[in-house]
Amino acid sequence: MKPSTAIAPEIARSPVSSYNEWDLLEEVIVGVVDGASFPPAHIAVEAPLPDNQRQIFRDNAGKPFPAEQIALARQELEEFVHILQGEGVTVVRPTPINQLEEYGAPGWTSTGLYDAMPRDVLLVIGEEIIECPLAWRSRYFGTAAFKPLLKEYFKNGAKWSAAPKPELKDELYDYNWAEPKNGDPVSLVITEFEPTFDAADFIRFGRDIVAQKSNVTNDFGIEWLRRHLGDQYRIHVFEFNDSHPMHIDATFVPLAPGKLLVNPERVPEIPRMFKGWDVFHAPEPIIPDDHTLYMTSKWINMNILSLDEKRIVVERQDEPMIAALKKWGFNPIPCNFRNFNTFGGSFHCATLDVRRRGKLESYLTDETN
Ligand code: DAV
């Protein structure tokens, strides 16, 4: 008997399909900043923070972010959505959850953070969308706001999975963590107790995926992903000069095949597998010192989003980046985003490219690093 719901293979395209950071963008999730709240004080939250932000986080733990900052960021998100739609991209949004509601698991309780950065919590690899095992207790339900979308994608043919739900017990954290002194090796706040990772510690180049260990991503998590993805993909783990690593997308950002944007402070040497690629050094960020930035450095200026191999969304006031992109042959599309940057991300963090037109390919030379 023939299955009655047989779909011809040529039209059975998954609504989730994205293999790299530059193929033509067709559908994207854009985060929502409403309801954003400071997480409860915890060593895992403090460790990756720039020095001058720790006290602010302690003082405001568990409270909403300032309403005026949220309003300004929301306005910029609307501008961003409008620009994306004007460029022909389908935009979908999460359903924000109440971040102030307390929840817990054996041994701990917490409140939430925000639904502003889909890039952190969900990883799209090809036709699969993976819920990440997030290391922060304040992000334990970090994918909840996206569940309506995930269900819909699944119903329409996507592969939907979740990494093992972490327990986030005290054993996951190094409570003796202290700021490394000058010259000391980087010390990370999470242990190898169980697999954890944020999607934003991975960046996709087709069959090759570049990853970093960080204050939220451990070896155990990277190994889980490696085995989960299987032989079709190769995960390469690089270490950069970043004393507070959390998320790779203000460090190592492909713009198009053969074109890589790197953080000049953090990437002194280009891995050999990028032989033949054009390597561009990100211009110094120009965000003024008195502009509040939570959970990020000023290098968030590198966190740009390619709509295809030419069009790149970039912060409107970041004239050095706009000029540099033009010089390198791209078409920058400016959008106000500095107030959104305050929340710790920019265009790459605020989005998740659900579908790009393209297929699985190799872009890097086959050399061991
Ligand atoms: O300065 O590398 C990037 C944070 C993106 N969520 C940085 C922070």
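Is N20 buried or exposed? In this predicted model, N20 is buried, with a relative accessible area of 0%; buried means under 20% relative accessible area and exposed over 50%, with partly exposed in between (1.4 Å probe, protein chains only). Residues are numbered from 1 along each chain as its sequence is written, and side-chain values use heavy atoms, without hydrogens or water. Because the model is predicted, local features need pLDDT of at least 70 and side-chain atom pairs count only at pLDDT 80 or more, while totals for chains, interfaces and linings use all residues.

N20 lies in the segment before β1 (24-30). Its side chain reaches the backbone nitrogen of W22 at 3.0 Å. A polar contact of 3.1 Å links the side chains of N20 and Y363. Polar contacts are pairs of N or O atoms within 3.5 Å; within protein, one must be able to donate a hydrogen and the other to accept it, and residues adjacent in sequence count only if both atoms are side-chain atoms. Leaving aside residues up to four places away in sequence, N20 touches R204, F205, G206, D353, R356 and Y363 (contact: heavy atoms within 4.5 Å).

Elsewhere, three strands form an open, mixed sheet in the order β5-β6-β7. Strands are DSSP runs (E, at least two residues), as are helices (H or I, at least four), numbered from the N terminus; two strands pair if DSSP finds at least two bridges between them. The edge strands, β5 (122-125) and β7 (159-162), each pair on one side only. β5 runs antiparallel to β6 (residues 128-131), joined by four bridges. L122 stands opposite E131 in β6.
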